[in-house]
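We'll go through a few selections one at a time.

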Amino acid sequence: MAGFLSYFLPKDKVFYNLFEEASDNLQSISEKLIQVVHEPDYNKREVLIKEMHDIEHQNDDVTHRIFVELGRNFITPFDREDIHALASALDDIADYIFSAGKKINFYKIDPIQDQGIQKTAEAIGEAVIAVKQAVKELRNLKNTQKIIECVIKINSIENSADDIFDMSIERLFESDVDAKELIKRREIYQVMETATDKCEDAGNVIESIVVKFA
Amino acid sequence: MAGFLSYFLPKDKVFYNLFEEASDNLQSISEKLIQVVHEPDYNKREVLIKEMHDIEHQNDDVTHRIFVELGRNFITPFDREDIHALASALDDIADYIFSAGKKINFYKIDPIQDQGIQKTAEAIGEAVIAVKQAVKELRNLKNTQKIIECVIKINSIENSADDIFDMSIERLFESDVDAKELIKRREIYQVMETATDKCEDAGNVIESIVVKFA
Amino acid sequence: MAGFLSYFLPKDKVFYNLFEEASDNLQSISEKLIQVVHEPDYNKREVLIKEMHDIEHQNDDVTHRIFVELGRNFITPFDREDIHALASALDDIADYIFSAGKKINFYKIDPIQDQGIQKTAEAIGEAVIAVKQAVKELRNLKNTQKIIECVIKINSIENSADDIFDMSIERLFESDVDAKELIKRREIYQVMETATDKCEDAGNVIESIVVKFA
């Protein structure tokens, strides 16, 4: 039986490694977004956004490898549906963070003038760090208290991001920007706010994994 | 064997109780929305929207308890994926209903002047009652005809809500409201229409549960 | 054992038949959309959109039959979650294609003047043909190379559709159309682009089925 288990267990490790690789990517891409929203120069932002694109591509590849491993491995460290949901959530976070960066230059928005964009980028950065900590603890499910604290932190950051979003939208509609500018900024706020929603989704999956092992 | 089953069966009941609690919340929150859309006074609407927020929070808690029970219970009354999908759909319905109420005051829209908003709020109220009846019948899966009738009713209400939505959007674009007002009203119509879509999702899950037991 | 298997296998065929029926519907409805975007006459477009609506209804019925069979059959040719996800993706593709056609006349847009709409309709048509080929190969999972080629093609078409979308949105914001026209066209672009996203979703599910059988 020990031999039987040792045959399978090393294959499990691949999931922990891939999830950690994905959450490292999330930290890198969110740090680039914070640089983008504080960079006054369009062309320097363009370089950063290109780097974000590369990270997002690397992350697509990690997600793809998780799905391939899920198809190949009969034995998995958590429920298959949880692995699928967590991989999808981490992939979505990267997609929305990249999309936020891309739209800033695409719509020729000056992020320096927009506190809502800057504050939300920082909230995304904090949420991503909490996601990364929770993912790291998955490898060793003994410290459930630590994981639950991360999940609570993610939810609290998501609530703040909602408040920043509401405040930004309210200001936008009260400002005298024309309709085109309003549509552009509103779309960027929405994409950024969705990035924090996806962090919350990741936190919810991690919580459900912890509950099953409790 | 009887002892074995009796050990597990009472734990099943928790799911019926939680689903009924969620659908009771849906009825309360949809009744508040109907009051909001007929209330001319901004401040009185604000009180109602605060009450909607409380119900939405209570419902988040019910959803969370369903997921925790799902993690804890090996034996469930229906397929785990159906329980997860139904809990998510009921949670989404409450979220979209609250969001509709919140956006009315947030965007300083006068709902009294907007028949599309009023009619959709009433359609949501009817759809929610049909969802509640279908959920109640789940406890006793013998009356499948009754459940199917509820599902058909939900779908029919969702179709009417689509028609009201199309009509409202058409009027909005033909009216002389400015772009900001148009964007605000369109968002409220969309959120309300999505609430009825989520009722349809709940109906579809309930139908799939019934089919498996037929 | 052979007798046991032969009892179940014919019931499996129903899934292949239904998936092929769905992908035939997708080809028909995407061909109608291409006709719509090249038809200068509003009333002739109206006839085509009515035909699209009929196909979309037929496809709802196919999807519903897949879910019913999934509830009834204990033995399925692929994982139940993959059958569910593929059926949902094919259903979504039809919904978004119909929605694109419907919105063109609903918003009284002249598609002849809009190269972005025309090119995206053609991209959707190509993606749908690749989806159909991949679905057809599912019946005989031996030719995995062929299926993977289809999936790569779908992803490549989706990338082109993204580029057409970005270019169309950029032109739209730089043009002197008023805000109402901008909101309408942007919504049509988004719905069409989502149709190609849903083709990619279908391709991803098909890939995950292939990986499990490799």
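In which kind of crossing, left-handed or right-handed, does helix 2 of chain A pass helix 3 of chain A? Select both: the crossing is left-handed, the term used when the near helix is turned anticlockwise from the far one by less than a right angle (clockwise would be right-handed). Before going on, note that this is a predicted model, where local features need pLDDT of at least 70 and side-chain atom pairs count only at pLDDT 80 or more, while totals for chains, interfaces and linings use all residues. Residues are numbered from 1 along each chain as its sequence is written, with chains lettered from A and ligands numbered from 1 in the order in which they are written.

Stay on that pair. Helix 2 of chain A and helix 3 (residues 80-106) pack at an angle of about 165 degrees, with axes 9 Å apart. That makes the two roughly antiparallel (angles over 145 degrees). Colour their contact by class and you get eleven nonpolar, six polar and eight charged residues.

Next, bring up chains A and C. Seven residues from each chain make the contact (C-beta atoms, placed from the backbone, within 7 Å). On the chain A side, helix 2 (42-72) and helix 6 (179-213) each give two or more residues, and helix 2 gives the most, with four.

Last stop: helix 2 of chain B, residues 42-72. Its 31 residues should span 45 Å at 1.5 Å a residue, and the end C-alpha atoms are 45 Å apart, so the two agree. Among its buried residues are B:Leu48, B:Met52, B:Ile55 and B:Asn59 (20 or more other C-beta atoms within 10 Å of their own).

Definitions and conventions: The expected span of a helix is 1.5 Å times one less than its number of residues. A residue is buried if 20 or more other C-beta atoms lie within 10 Å of its own, exposed if 12 or fewer, and partly exposed in between; C-beta atoms are placed from the backbone. Two residues are in contact if their C-beta atoms, placed from the backbone, lie within 7 Å. Axes are lines fitted to C-alpha atoms, for helices over the stretch in contact, and angles run from 0 to 180 degrees between N-to-C directions. Angles under 35 degrees count as roughly parallel, over 145 as roughly antiparallel, 65 to 115 as roughly perpendicular and the rest as oblique. Ala, Val, Leu, Ile, Met, Phe, Trp, Tyr, Cys and Pro count as nonpolar, Asp, Glu, Lys and Arg as charged, and the others, Gly among them, as polar.
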